[in-house]
Amino acid sequence: MSTEPPEQPESPRPPARRAPLDRTRVADTALRLLNEVGLDGLTLRAIAKELDVKAPALYWHFKDKQALLDEMATEMYRRMVRDTPLDPGLGWRERTLASSRGLRAALLGYRDGAKVFSGSRFTGTEHAVQIEANLRCFLDAGFTLAQAVRATMTAYVYTVGFVTEEQGVHPVPGERREGYDGEERARRMAGFPLAAATGGEVFEEYDRQFEEGLDLLLAGIEAKYTGAKRTGREGPR
């Protein structure tokens with residue numbers, strides 16, 4: 001006869017604890033889902049389903065979709081600053097180039113990234129650190145505060161607007177929206193030869209277009225406010 005004690009049934013394992021639902025977790029999930037469904041498909045219901053919660057649970061953290069978009073834009077900015085630190089020794093021209101390129105790269109990292117970012121209100125004050133440094137750089141070069149504000153805002157608006165148009169054609173890198181075939185467009189607009197010929201300039205080579213536009217913008221800032229040689233470090237006299 002066996003003297004071994006009978007096997008005891010295993011106690012059921014307690015269910016794994018889910019991470020607490022907070023603003024950061026909701027925004028992270030929304031940004032991840034954005035790449036799959038785009039801005040139009042990004043509903044609070046879809047985000048709640050992804051988080052395995054009921055939609056009303058999200059309203060404890062965000063009163064409406066715009067409030068969530070504000071937090072998403074803020075998180076996009078945090079990631080951009082973390083991934084593209086700026087050398088404090090840059091002159092106003094180089095700093096504007098670096099900031100604009102970094103912003104474009106950050107927005108292109110998300111489907112409809114520019115639409116989410118445009119018009120959103122930052123929920124924290126992290127952005128003030130870079131704004132302060134950018135303005136200080138312009139002031140040190142001899143710009144007035146008003147000129148510095150106009151120059152940096154123009155570069156910002158150019159970048160966001162450019163990426164909005166770029167993502168209208170390429171929602172994500174490597175994906176092209178239907179209706180932007182250059183040859184088909186040229187056939188439809190054959191009666192307008194100049195307009196028809198613009199397709200290659202407007203809907204192709206976005207990297208080149210962006211850089212050329214930045215160069216035009218910086219040349220305009222310099223001509224308007226400095227009248228100096230384009231050294232990138234000289235300001236008004």
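1. Asp52 lies in the loop between α2 and α3 (65-83), where helices (H or I, at least four residues) and strands (E, at least two) are DSSP runs, numbered from the N terminus. Asp52 is not a glycine, and yet its phi is positive, at about 60°. Most residues other than glycine have a negative phi. With a relative accessible area of 56%, Asp52 is exposed; here buried means under 20% relative accessible area, exposed over 50%, and partly exposed in between, with a 1.4 Å probe and protein chains only.

2. On the basis of the note: this is a predicted model, in which local features need pLDDT of at least 70 and side-chain atom pairs count only at pLDDT 80 or more, while totals for chains, interfaces and linings use all residues. Residues are numbered from 1 along each chain as its sequence is written, and side-chain values use heavy atoms, with hydrogens and water left out.

3. The protein chain contains eleven helices and zero strands, so that, read from the N terminus, its elements run α-α-α-α-α-α-α-α-α-α-α, the helices being DSSP runs. Of the 237 residues in the protein chain, 38% are buried. The chain exposes about 14800 Å², of which carbon and sulfur atoms supply 55%; the areas come from the Shrake-Rupley method with a 1.4 Å probe, and for residues only the protein chains shown count as cover. Among contacts (heavy atoms within 4.5 Å) between residues at least 6 apart in sequence, 69% join residues at least 24 apart.

4. Helix α1 (residues 23-41) and helix α2 (residues 44-51) have axes that come within 10 Å and cross at roughly 125°, which makes α1 oblique to α2. Axes are lines fitted to C-alpha atoms, for helices over the stretch in contact, and angles run from 0 to 180 degrees between N-to-C directions; those under 35 degrees count as roughly parallel, over 145 as roughly antiparallel, 65 to 115 as roughly perpendicular, and the rest as oblique. The crossing of α1 past α2 is right-handed, a term for the near helix being turned clockwise from the far one by less than a right angle, with anticlockwise giving left-handed. On the α1 side, Arg25, Val26, Thr29, Ala30, Arg32, Leu33 and Gly41 meet Ala46, Ile47, Glu50 and Leu51 of α2. The residues of this contact divide into six nonpolar, two polar and three charged, where Ala, Val, Leu, Ile, Met, Phe, Trp, Tyr, Cys and Pro count as nonpolar, Asp, Glu, Lys and Arg as charged, and the others, Gly among them, as polar.

5. Helix α1 also packs with α3, at an angle of about 95° and with the axes 9 Å apart; the two helices are therefore roughly perpendicular to each other. In this pairing Arg23, Val26, Ala27, Asp28, Ala30, Leu31, Leu34 and Leu39 of α1 meet Lys65, Leu68, Leu69, Glu71, Met72, Glu75, Met76 and Arg79 of α3. By class, the contact of α1 with α3 has ten nonpolar and six charged residues, and no polar ones. Glu36, another residue of α1 to consider, is exposed, with a relative accessible area of 53%. The C-alpha atoms of Glu36 and Tyr110 are separated by 9.4 Å, although the two residues are 74 residues apart along the chain.

6. The axes of helix α4 (residues 92-108) and helix α7 (residues 145-169) come within 10 Å and cross at roughly 30°, which makes α4 roughly parallel to α7. The crossing of α4 past α7 is right-handed. Thr96, Ser100, Leu103, Arg104, Leu107 and Leu108 of α4 make the contact with Ala155, Tyr156, Thr159, Val160, Phe162, Val163, Glu166 and Gln167 of α7. Its residues divide into eight nonpolar, four polar and two charged.

7. Two further residues of α4 are worth a look. Ser99, in helix α4, is buried, with a relative accessible area of 17%, and, leaving aside its neighbours within four places in sequence, Ser99 is in contact with Leu86 and Asn134. Arg101, also placed in helix α4, is partly exposed, with a relative accessible area of 40%. Setting aside neighbours within four places in sequence, Arg101 is in contact with Phe210, Glu211 and Leu214; Arg101 and Phe210 are 109 residues apart in sequence and 8.8 Å apart in space, C-alpha to C-alpha.

8. Finally, Glu205 is found in the loop between α10 (199-202) and α11 (206-225). Phi of Glu205 is near 50°, a positive value in a residue other than glycine.
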